[in-house]
Amino acid sequence: MKDLLRLRTSLSEEIEALLNEQIKTEAYSSAVYLAMSSWCNRNGFDNSSKYLEKQSYEEREHMMKLFRYVNDMGGHAISPEITNIPQEFETFKSVFEIALQQEISVTAQFNRMADRCFKAKDFMTFQFIQWFLKEQIEEEYVARRVLELFDVIGEEGTGRWEIDKHIPKVHYDGDSEE
């Protein structure tokens, strides 16, 4: 019976499992960004709060894109259970350090998935995840630039307020030809 069910999908069990793992990672990222948004809101960083809320929404969109792909390919997308979401952060800067670490981790997961797709000759999924790999260039770039604001502006005096003011303005222009 298991072999019969596999006929319904061109996804291998390994690739489907990796996609479901990524669905969970994106859901976790969305939840963490939302918690960061709330923390920033409580601490008076309104611009950062809005920026992080937008990031949370984008991560949820990524999760749903993966979720639909698995189902569209005849697989079984699993609605993830998300736990252990941090609600408190040490400093304003640590929020963005965690965000960068999270994005680097997501990039590594997509790279691993691309490698496995290539080895399994699953070129449809390989092509599908190219969009995410390109998206990760932007995600990491913006996270790095935001952290640079802490070094350039500094946190003393009105520094944190200035940083908060500049965060929504950070963007990636690498796609200027599109």
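Which helix gives the largest share of the lining of the largest pocket? Helix 3 does, with four residues; helices here are DSSP runs of H or I with at least four residues, and strands are runs of E with at least two, numbered from the N terminus. Before you select anything, note that this is a predicted model, in which local features need pLDDT of at least 70 and side-chain atom pairs count only at pLDDT 80 or more, while totals for chains, interfaces and linings use all residues. Residues are numbered from 1 along each chain as its sequence is written, and side-chain values use heavy atoms, with hydrogens and water left out.

**The whole chain**

Show the protein as a cartoon: it has six helices and zero strands, and its C-alpha trace spans about 65 × 40 × 20 Å along the principal axes.

**The largest pocket**

Select Tyr-51, Lys-54, Gln-55, Glu-58, Glu-138, Glu-139, Val-142, Pro-168, Val-170, His-171 and Tyr-172, which line the largest pocket. Two or more of these lining residues come from each of helix 3 (46-72) and helix 5 (123-153). The pocket holds about 160 Å³ of space. On a 1 Å grid over the protein atoms alone, a pocket is an open set of points with protein on both sides within 12 Å along at least five of seven lines, a cavity is a set where a 1.4 Å probe fits but cannot get out, and lining residues have an atom within 4 Å of a point. Grid points are joined across faces, edges and corners, and a volume is the space filled by probe spheres set on the points.

By class, the pocket lining has five nonpolar, two polar and four charged residues, where Ala, Val, Leu, Ile, Met, Phe, Trp, Tyr, Cys and Pro count as nonpolar, Asp, Glu, Lys and Arg as charged, and the others, Gly among them, as polar.

**Helix 3 against helix 5**

Now select helix 3 and helix 5, whose axes come within 12 Å and cross at roughly 170 degrees; axes are lines fitted to C-alpha atoms over the stretch in contact, and angles run from 0 to 180 degrees between N-to-C directions. The two helices are therefore roughly antiparallel, a term for angles over 145 degrees, just as roughly parallel is for those under 35, roughly perpendicular for 65 to 115 and oblique for the rest. Their contact (heavy atoms within 4.5 Å) includes Tyr-51, Gln-55 and His-62 of helix 3 and Phe-128, Trp-131 and Glu-139 of helix 5.

**The cavity**

Next select Tyr-33, Tyr-51, Gln-55, Phe-96, Ala-99, Glu-139, Val-142, Ala-143 and Val-146, the lining of the largest cavity, whose volume is about 60 Å³. Helix 5 gives the largest share of this lining, four residues, and the classes are seven nonpolar, one polar and one charged.

**The last stop**

Finally, select helix 6 (residues 159-166), whose axis comes within 10 Å of that of helix 5 and crosses it at roughly 145 degrees. Leu-149, Phe-150 and Ile-153 in helix 5 meet Gly-159, Glu-162, Ile-163 and His-166 in helix 6.
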